[in-house]
There are 2 protein chains.
Amino acid sequence: MSKDHAPAPDTRLTPLAARLPATVPFVGPETQERQTGTPFKARLGANESGFGPSPDAIRAMRNAAKDCWMYGDPESHDLRAALAAKFDIGMEEIVVGPGIDGLLETLVRLTVTEGTPVVTSAGAYPTFNYHVTGYGGTLHTVNYTADHEDPDHLIAKAREVGARLIFIANPDNPMGTCHTAATIQHMIQTVPEGCLLVLDEAYIDLAGDGFAPPINTHDKRVIRLRTFSKAYGMAGARVGYAIGHAALISAFDRVRNHFGMSRIAQIGALAALEDTDWLAKVRAQVEQAREDLYEIAEDNGLLAIPSATNFVTIDCGADGVFAKAVLDALRDEGVFVRMPMVAPLDRCIRVTCAPPREMKLLARALPKALAAAREQVGETPS
Amino acid sequence: MSKDHAPAPDTRLTPLAARLPATVPFVGPETQERQTGTPFKARLGANESGFGPSPDAIRAMRNAAKDCWMYGDPESHDLRAALAAKFDIGMEEIVVGPGIDGLLETLVRLTVTEGTPVVTSAGAYPTFNYHVTGYGGTLHTVNYTADHEDPDHLIAKAREVGARLIFIANPDNPMGTCHTAATIQHMIQTVPEGCLLVLDEAYIDLAGDGFAPPINTHDKRVIRLRTFSKAYGMAGARVGYAIGHAALISAFDRVRNHFGMSRIAQIGALAALEDTDWLAKVRAQVEQAREDLYEIAEDNGLLAIPSATNFVTIDCGADGVFAKAVLDALRDEGVFVRMPMVAPLDRCIRVTCAPPREMKLLARALPKALAAAREQVGETPS
């Protein structure tokens, strides 16, 4: 999706900046609400957690509000210490940043310059691509295989083009599929010399056991990205972290915005991390909502792709034009969802797991949306 | 000040990233507290506002905590709309970002590449220099004149080296001095072709009338940076904004982290902006604290530099070694202050305006700190 801007010819910009497209990875739901003049009734498009943050985290952030006259600790010491303890690694092997998006930007800045080859899957996380393009890198893509990212093909392509970075999300976004820990571990072990595997584990807290390979910070071939935005329900607080070899993590300190973290968010994330009961409860709620979404899909004659995340990607049974019509019709019913942007993934819509009220709204809206889409574009068998 | 890191030789880094120094612009007070094992009693080093944020802003942020499961609006629409109304400009002429530091990073990214000449004053804001170095730019400096940044020399140097950017803060940090609106307007009008004046107005809300030239977003020669961190007392929330020509502002949208803003911070900043009574009250409190600091300096036989900001820079009457000894001795007394890093500015310490309790702590600690410094290094007449 894109946002139009007047071109900005300005000799003050670098040649790279001057030629970048005015394309943004995602348009926010608020923008859509302003365009239609109607607020969404169900916010199911951004994989936010409607189950909310831990009550302890809410309390900590409420208490921290009055103290936000102070900058956050530039080292995020207490949060990093808690994370290091949780993962049994050194603090120098973790960097905290403003969400995975912000960390991806810094990582790309550290590793990609004009023409640097980078490998990802066609239709995978567009914000990663946005940053690679933004630093002048050259994207090479491989296709999904059976709605899964394809580790062997990613590795082969990286070898072929001499890639500096390979991106994979496990579990995957936007398809919700997941590889086993063994598959990912094998992928790490086959990363070509001089290449780095960017393992986005934004949704790993929701995948259950057996999908995350052991954390090994001696391994220079992989950096892992995690977040408080999904299972922890704190997307709007902006806290993510990267785990990797100390030499790579220390490079972040040479370029990052040291006073860039919200003090309220640091305090909230620490409280959220400690409330393991809440995380367990959210996991159970997400599992229930996945079942609800599978059932809603089935009730409408659609195929839901089994998910290891807090969203379910639903095959609308035709092509991207049809899925887009379903998405638009859902919007007209007050339901915000998103969809993959590349064929054949774009035959699907992507729906976030949410509390029962929102799931009911979707159950009511989807049949109408499908009817409207069939009315509008017909249904091409896929 | 610097933080030591093991060097990180890693073929995965870009050549630029691999050769960047492990120097950070500022070490946080929390780091110093962890090193000494003692919390500061008075936090007067980072020009944070101990008068706090508006009670309306605190209330808004407290209420927003539970909703931080939602991402912030990537367009910061409501805040930008309020700012645009305040300044009577278009929304497309304002970009909101995570503090001025974050906006400076993006601005440098858009304009500086390896070898790009950039002009600033020797001893001016180190975080700007950090970003210029981080993108491979070449810094050229001119000296302060009588503790003021020197617009004519900055312009002349920019012309001489063919600079892409000129940085000036008005009021200045770390000296607290200020130029009139007319002086800055004249500076804007003499910016060389193809060069951009980066006008950091972080402290302008505290300078009184007559120091900000009229905002003219048709002028491509200047971009202005402002913040909620200083007068508005929300440093730890991370909200700043840049005002400039729409063509330049739109370039930010091509590279910035669109979902990088804290939702809580966006809501808090909007409430803070609307509470003009609180701002007036803080201004009066800051003025009183400046008077307190002038008096404390005088009581100790030191010269305070008249300030247009929420800090007062105090000439310790000798050289940088002596001022550093005063700073260290203040730290031992539980008082956190900072100091300029370049001679001859480094004969001073920089002390933040704060409520009476902190001013009293300083009044008690400074004579002891001066005595300790004289004991330790002697006092060289400057």
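Where in chain B does B:P171 lie? B:P171 sits in the loop between β5 (165–169) and α8 (181–189) of chain B, with helices (H or I, at least four residues) and strands (E, at least two) taken as DSSP runs numbered from the N terminus. This is a predicted model, in which local features need pLDDT of at least 70, side-chain atom pairs count only at pLDDT 80 or more, and totals for chains, interfaces and linings use all residues. Residues are numbered from 1 along each chain as its sequence is written, chains are lettered from A and ligands numbered from 1 in the order in which they are written, and side-chain values use heavy atoms, leaving out hydrogens and water.

Let's stay with the backbone for a moment. Most peptide bonds are trans, and most residues other than glycine have a negative phi. B:P171 is joined to B:N170 by a cis peptide bond, with omega about -5°. In chain A, a cis bond also links A:A343 and A:P344, with omega about 0°; A:P344 belongs to the loop between β11 (335–336) and β12 (348–352).

Now for phi. A:N47, a residue other than glycine, has a positive phi near 55°, and its place is the loop between β1 (42–43) and α3 (55–64) of chain A. A:N47 is buried, because its relative accessible area is 0%; buried means under 20%, exposed over 50% and partly exposed in between (1.4 Å probe, protein chains only). B:A146 also has a positive phi, about 50°, in the loop between β4 (138–142) and α7 (151–161) of chain B. At 64% relative accessibility, B:A146 counts as exposed.
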